[in-house]
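Then let's walk through it together, one piece at a time.

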Amino acid sequence: MEKDKRNKQKPVPSNLADFLTEEQQMSLNKIESYGWRLEFIRRPLFEKPTVVIFGPDNGQIGILRDDGSIEHNPDLPLRGDDKA
């Protein structure tokens, strides 16, 4: 069994402003009306956070970049995924 690396951190922290740029916040507000949702934020030590969003269509995944743009279908290993 794989150890949870989050160390009891919530997948979506309550203090989003500490992790999202202003552009990411504006973009997230817009895309939520299309069914996208913030799923989690990867917060590796000594690296920039990765904002992971899930789309309205089953299996649709994206990364919300610092400039507010979306990288669709990134190569991002997830727990429970065959490639993880």
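What follows is a short tour, from the overall layout down to individual side chains.

A quick word on where this comes from: this is a predicted model, in which local features need pLDDT of at least 70 and side-chain atom pairs count only at pLDDT 80 or more, while totals for chains, interfaces and linings use all residues. Residues are numbered from 1 along each chain as its sequence is written, and side-chain values use heavy atoms, with hydrogens and water left out.

Let's start with the layout. The chain has one helix and four strands, and starting from the N terminus the order is α-β-β-β-β. Helices (H or I, at least four residues) and strands (E, at least two) are DSSP runs, numbered from the N terminus. Of the 84 residues in the chain, 27% are buried. Here, buried means under 20% relative accessible area, exposed means over 50%, and partly exposed is in between, using a 1.4 Å probe and protein chains only. The accessible surface of the chain comes to about 6400 Å², and carbon and sulfur atoms account for 49% of that; these areas come from the Shrake-Rupley method with a 1.4 Å probe, and for residues, only the protein chains shown count as cover.

Now find helix α1, which covers residues 22–31. Which of its residues are buried? They are Gln24, Ser27, Leu28 and Ile31. Looking down the axis of α1, these buried residues fall within an arc of 100°, so they line one face of the helix. (The arc is that of the directions from the helix axis to the C-beta atoms.) The buried residues of α1 pack against β1, β2, β3 and β4, where contact means heavy atoms within 4.5 Å. On the face turned away from the buried side, α1 carries the exposed residues Glu22, Asn29 and Lys30.

Let's zoom in on one of those helix residues. Ser27 lies in α1 and has a relative accessible area of 12%, so Ser27 counts as buried. Leaving aside residues up to four places away in sequence, Ser27 touches Leu64 and Gly68.

Next come the charged side chains. How many salt bridges does the structure hold? There are three, a salt bridge being a side-chain nitrogen of Lys or Arg within 4 Å of a carboxyl oxygen of Asp or Glu. One of them joins Asp66 and Lys48, with the closest N and O atoms 2.6 Å apart. This pair links distant parts of the chain, 18 residues apart: Asp66 is in the loop between β3 (61–64) and β4 (70–72), and Lys48 is in the loop between β1 (37–42) and β2 (50–54). Asp66 is partly exposed at 34%, whereas Lys48 is exposed at 59%.

Another salt bridge brings together the side chains of Arg37 and Glu39, at 2.9 Å from N to O. Arg37, at 40% relative accessibility, is partly exposed, and Glu39, at 26%, is partly exposed too. Arg65 and Glu71 also form a salt bridge, with the closest N and O atoms 1.7 Å apart. Arg65 is partly exposed at 36%, and Glu71 is partly exposed at 28%.

Finally, look at a ring. Arg43 lies over the face of Phe19, 5.3 Å from the ring centre; a charge sits over a ring if NZ of Lys or CZ of Arg is within 6 Å of the ring centre and within 35 degrees of the ring normal.
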